[in-house]
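Colleague: I would like to go through this model and ask what stands behind the labels. Please set each value against its definition.

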Amino acid sequence: MITTGKVTGIVSNLVTVEVNGPVAENELCYIDLKGTKLLAEVIKVNGNKASVQVFESTRSLRGGDSVEFLGKMLEVTLGPGLLSSVYDGLQNNLATMTDVFLKRGEYTDPLDHTKKWEFTPEASAGDKVVAADWLGEVKEGWLPHKIMVPFSFEGEYTVKSVAKAGSYTIDDTIAVLESADGREIKVTMTQKWPVKVAVKGYREKPRPQKIMETGVRVIDTFNPIAEGGTGFIPGPFGCGKTVLQHAIAKQGEADVIVMAACGERANEVVEIFSEFPELIDPHTGRHLMERTTIICNTSNMPVAAREASVYTAMTICEYYRAMGLRCLLLADSTSRWAQALREMSNRMEELPGADAFPVDLSAIISNFYARAGMVVLNNGKTGAVTFIGTVSPAGGNLKEPVTESTKKAARCFYALEQNRADQKRYPAVNPIDSYSKYLEYPEIQAFLDEKIERGWVEKVNKAKFIVRKGKEMNDQINILGDDGVPMSYHEAFWKSELVDFAFLQQDAFDTIDALCPLERQKYMLNLIMDICDRNFEFEDFGKCREYFKQMINVMRQMNYSEYNSKNFKEYNNQLSKLLESNGN
């Protein structure tokens, strides 16, 4: 029996419905507006009253309008063709729109049903399979796109038949499975999955074993993020969050990238649309968009769609993870998702938490971040979802509820600082306040010892101490004056500036400096630490300043030179001469 109802109250996109049957939270429904069906989601049930959030504008909606409940949750369609696509939070394909804006009640198909894919079978008749097992493969660009037993299947099935190698559409039957009770089920290349339920279909979810290289020194060396890890980038407007995310997307060690523009201003979303198709993948030489999916909800779209966009993006990542691929999810910005949660909570007159955010904000954020991670699949192969979100705290206040709640969930914290951005020190990541808890993991320490050199974490901690000590010395110099402190204070400060200028700062728009491999990071940090371990004898602070400025200038030029090129070796010789002079 289909549950129906009628509208009894409207507060913006929150609609109260009187129902005549059972409904559940997160169930979808259609509200009939003069023949136009508006999609909505149940967010609260109280007796025969249901509060639903509408994913469209509710203008002209009236009390008494009919409602039909669908008996299912918000789902995404998963299959070949997701990459290179641009969707909104409801997975409407924005490339197939008939107008500049999506019309109310207009929902487009996310995948192309006419395109044919070259299918190669991997399973055979008689094989025993469970949910997420691989039945075959098609090539999506150059990536292997596995056709799997749908995630919703429970128990063990027997493969009755698999399609032969050839060209098929996503709606063609590529396998027939038999359940334990003898039912035969046809499987196509597509499946559906509810976005707010984490995708299963893996054997185990161990702790991360290795770091994800990004080519950004302040991340890879100082605060590395693990493959399958979580991190977030808070900071005020104009500090470079978007540029840093783009650098990570372009250079990160990932097979698939999903960008979720969650409530961003329209001009920032246009930048993503215009820039991403032009970016060249430094790992493959192909266009970055070929392995990217963009989920977009601008700030003028209904708030309910913002929440949907992050869940849709995560579900697509989990789908590709089940193929044994490494996925990178970048969400910009989770603050606007949290603001959408606040708006809905306030409209329902729920008990407010700090700054009027929902009381369970921390739990909602933690549950979402927990969906990332590395997994071991049923066949023993591994896949990973690495999640990095940005937070846009009002006024750059890193003590506000969204930042504090995200801190509890994410393992990496990259604090962008207004002062560093004003000084043109990019990336403007504060090296003292930022941290990576993955450096404490024995698995990550063992990986770094093998990948780079033994004792690498201790060396990184020593470099962090030099930066922290230099800041303390600078504070003393500013208070007491240049002549009011010992020469050792000036030396400590300029050693920290050497680490900052020559290592932490990086030009995201320079073809050489933007992408710094681990081998080069190791060489540069060892060189800097060797200098910092030396004791210099300066006659006055002026000579100390000029000496280190020369050294910083030479090392910056090294960063802009090809590793081990003629110019690089020439700058290295200049540095050696400076060191031989010992400041004299």
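Modeller: This is a predicted model. Helix 14 covers residues 566-581, 16 residues in all, and reaches 23 Å from its first C-alpha to its last.

Colleague: Which residues of helix 14 are buried, and how do you know on which side they lie?

Modeller: Phe568, Asn572, Leu575, Leu578 and Leu579 are buried, which means that each has under 20% relative accessible area. They cover an arc of only 115° around the axis, so they lie on the same side of helix 14. In general, an α-helix has 3.6 residues a turn, so residues three or four places apart point the same way. Helix 12 (518-532) and helix 13 (541-559) are among what covers the buried residues of helix 14. Lys566, Lys577 and Glu580 are exposed on the other side.

Colleague: Why is helix 2 called largely enclosed?

Modeller: Helix 2 (residues 241-251) has 11 residues and 8 of them are buried, so it is largely enclosed by the rest of the structure. The buried residues include Lys241, Gln245 and His246 as well as Leu244 and Ile248.

Colleague: What makes a set of residues a nonpolar core?

Modeller: The residues must be buried, of a listed kind such as Leu, Phe or Tyr, and joined through side-chain atoms within 4.5 Å. The largest such core here has 81 residues; Leu135, Phe151, Ile174, Leu177, Met189, Tyr320 and Trp337 touch the most other members. Helix 4 (residues 303-321) gives the largest share of this core, 10 residues. A second core, of 80 residues, is separate and includes Leu288, Ile294, Ala492 and Tyr547.

Colleague: Which residues is Leu177 in contact with, leaving aside its neighbours within four places in sequence?

Modeller: Among them are Val129, Leu135, Val149, Phe153 and Ile185, and also Lys160, Arg183 and Glu184.

Colleague: How do you know that strand 9 and strand 14 pair?

Modeller: Two strands pair if there are at least two bridges between them. Strand 9 (residues 117-121) is joined to strand 14 by 3 bridges, and the two run antiparallel. One partner pair is Phe119 with Gly166 in strand 14.

Colleague: What is the strand order of the open sheet, and what makes strand 12 and strand 14 its edges?

Modeller: The order is 12-11-9-14, with antiparallel pairing. Strand 12 (143-148) and strand 14 (166-168) are the edge strands, as each pairs on one side only. Neighbouring strands of this sheet are turned by 40° against each other on average, direction ignored.

Colleague: Why is Ser12 called partly exposed and Glu349 exposed?

Modeller: Ser12 has a relative accessible area of 43%, so it is partly exposed. Glu349 has 73%, so it is exposed. Ser12 lies in the loop between strand 1 (4-11) and strand 2 (14-19), and Glu349 in the loop between helix 5 and helix 6 (361-369).

Technical notes
Residues numbered from 1 in each chain as written. Predicted model: local features only at pLDDT ≥ 70, side-chain atom pairs only at ≥ 80, totals over all residues. Heavy atoms only, no water. Helix = DSSP H or I, 4+ residues; strand = E, 2+ residues; numbered from the N terminus. Axes fitted to C-alpha atoms, helices over the stretch in contact; angles between N-to-C directions. Expected span 1.5 Å × (residues − 1). Buried < 20%, exposed > 50% of the residue type's maximum accessible area, 1.4 Å probe, protein only. Arc of directions from axis to C-beta. Contact = heavy atoms within 4.5 Å.
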